[in-house]
Amino acid sequence: MSKLGEYIKSAIKQMKHNGYRTLMTMLGIVIGIAAVIAVVALGNGMKQYVKDQINGIAGNYGIVMIDTSKTTDFFTPDDISLLEEELPDIKGASPNDYGEGKAKGPRGTFLATVQSGSEALQYAFGNKLIKGSYFTRQQVESGQRVCVMLQNDAKKLFGTDECLGKEIELSINGKSATYTVVGIRENTNELYNFFTQDMDYSVTLEAPYTSFASDYGYDIGKWYQLILFTDQDVLQKRCDEAKVILTNAHGLRGANAISSYSMADMTGEIDTIMGGASKFLILVAFISLVVGGIGIMNIMLVSVTERTREIGIRKSIGARTGAITMQFLSEAAILTLSGGILGIILGIVLAKVMCKMINMPLIIPPTSIVGAALFSIMVGLIFGLYPARKAAKMKPIDALRV
Amino acid sequence: MKKLVEIKDVCKIYNPGENEVRALNHINLTIGEGELVAIIGQSGSGKSTLMNMLGCLDTPTSGKYFLHGHDVSHMTDDEQSDIRNREIGFIFQGFNLIQSLTAMENVELPLIYRGVGKRERERLADAALNSVGLEKRKTHRPNEMSGGQQQRVAIARAIAQAPPILLADEPTGNLDSASSREIMKIIKRLYSEGRTVIIITHDPGIAAQAKRIITISDGMIQSDIINPDYKED
């Protein structure tokens, strides 16, 4: 197709010839495409960010619940053993009793939130253990008063995070007991801090459910929900299985008393929310592209009028209608493609700057770049068609008379 | 002499109805291969309409136009484009070069539309420009050249594809007398090389250089004579 090559060459020449006007005409497309690229990149970055953060806070877990209005049964340590037996690939299962009170260390007394559970509770948070070790099953079963705390909290309570083996006094519900620190966790991530930033400072402790329950008056081994820890990809499946296993174990088939909920459901919801927001923004970007396209059509019509004589000359020396149509279509398409390429560059720069500013990962899918380029060509072809046909249909004598 | 152009009872009527203008009124005309013909007439005589007809830029209201014995009077736009491309080289009063293209590119243009490959195209365009003495102006744009030079580019464009007919519409109308002489010399040389040349003009001085002079007024042929003063250069 040497002819197409000629059209493209002449189109580029024409664009250079009208340098300033070319730029102004492309502006609409540049902005539209830049918006699409930036929105897609930001949307993806945001999705990844939120997912990471939620996994960071919560790890990958599911919850199995028993509905007390439908049965008088509750979960017991036997149920935990049963789940561990029947579902060997799970990381563990834990009850979760939770209390708020005060923790007293050498450096002062602070509000405290205590999460109690089995040794599997270590998988509940994404932040790593950096000193010591998590309490063991043996420590849980023997009811030892041990706890794990966050690095920052250790610094508050002891003035240092070198506090393994040291003791704090924990008071909840008017009862007090002394707990030994056995492990220190890394601090929680940004999203967690964001959620808790307006609350009073509170230290976060994790302790075995056995000692916790007996010290502060909770029922021992009598729970209404269990937490199941496992990998994200099998989470949903294992939760459903746990529900069936426990329903059978408690003889509650048909009662619909045990239900399960997994974090996988939540990431699905995030996808839905983010997807909706992206769709809206892409619609806005699309509208700006259509407006840009109308700008292109307008300027192409002006160009056809200005170049009536040229069209007449070309036709008089033998250009067919198809050749003139192709010439003007290539001009429009090259115009919008150049706008698209500029827009892609601008969009990437914008996305980079914005992601950097709000500290999000930059994800630009290659499909969005290819898509944007193809779409910008399409805009040129669609909005260039009418002016091109108008040019091609001119009668050479009328066009030469100008 | 073989018939090249044969016009039979052609009429061209503008604004049919009350204010109709008969630009051509039952014209009959035959031009053979290798002739040098001038069509002379005042403005409004119908000579431009006749030239548009001969150049397949316009179609007659009635009558027939045969080119090489083929009826070309009622064809589609694209068929007419192809005829213009293959059969006719135009030389216009206003040169009609494309301003954004160089001399070379202007000359190549009809060859592009004919689908000639790049190498062959450049060779033909090169030869055409050389034959009109513009060896040194190939990369110049029209606005960098004098009127005479521009008209020579236009002639090169007209002959590059070697069409049988050269149709020159007031070829010297925009030129000073020195350039006019130059252009007429080239046109006559092209004739002597065997091309059929039709010159449309209002200038008796130009017409007098042709071998056959057709006078047209009010859309009708008034006289069609062999020029007694014609001399080969």
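A hairpin of two residues links strand β3 to strand β4 in chain A; helices (H or I, at least four residues) and strands (E, at least two) are DSSP runs, numbered from the N terminus. This is a predicted model, in which local features need pLDDT of at least 70, side-chain atom pairs count only at pLDDT 80 or more, and totals for chains, interfaces and linings use all residues. Residues are numbered from 1 along each chain as its sequence is written, while chains are lettered from A and ligands numbered from 1 in the order in which they are written.

**Strands of chain A**

- β3(A) (residues 97-105) and β4(A) (residues 108-117) pair in the antiparallel sense over nine bridges; two strands pair if DSSP finds at least two bridges between them.
- Opposite Tyr98(A) stands Gln115(A) in β4(A).
- β3(A) also runs antiparallel to β7(A) (residues 167-172), to which three bridges join it.
- Lys104(A) has Glu169(A) in β7(A) as its bridge partner.

**Chain B as a whole**

- Chain B has seven helices and ten strands.
- Of the 233 residues in chain B, 48% are buried (20 or more other C-beta atoms lie within 10 Å of the residue's own, with C-beta atoms placed from the backbone).
- Among contacts in chain B between residues at least 6 apart in sequence, 69% join residues at least 24 apart; two residues are in contact if their C-beta atoms, placed from the backbone, lie within 7 Å.

**Helices α3 and α4 of chain B**

- The axes of α3(B) (residues 103-114) and α4(B) (residues 118-131) come within 9 Å and cross at roughly 125°; axes are lines fitted to C-alpha atoms, for helices over the stretch in contact, and angles run from 0 to 180 degrees between N-to-C directions.
- α3(B) is therefore oblique to α4(B), since angles under 35 degrees count as roughly parallel, over 145 as roughly antiparallel, 65 to 115 as roughly perpendicular and the rest as oblique.
- Residues of α3(B) that meet α4(B) include Val107(B) and Leu111(B), and those on the α4(B) side include Leu124(B) and Ala128(B).
- The contact of α3(B) with α4(B) has nine nonpolar, no polar and two charged residues (Ala, Val, Leu, Ile, Met, Phe, Trp, Tyr, Cys and Pro count as nonpolar, Asp, Glu, Lys and Arg as charged, and the others, Gly among them, as polar).

**Where chain B touches chain A**

- In chain B, 21 residues are in contact with 19 residues of chain A.
- α2(B) (77-87) gives the most to this side of chain B, with six residues.
- The residues on this side of chain B are seven nonpolar, six polar and eight charged.

Methods. A residue is buried if 20 or more other C-beta atoms lie within 10 Å of its own, exposed if 12 or fewer, and partly exposed in between; C-beta atoms are placed from the backbone.
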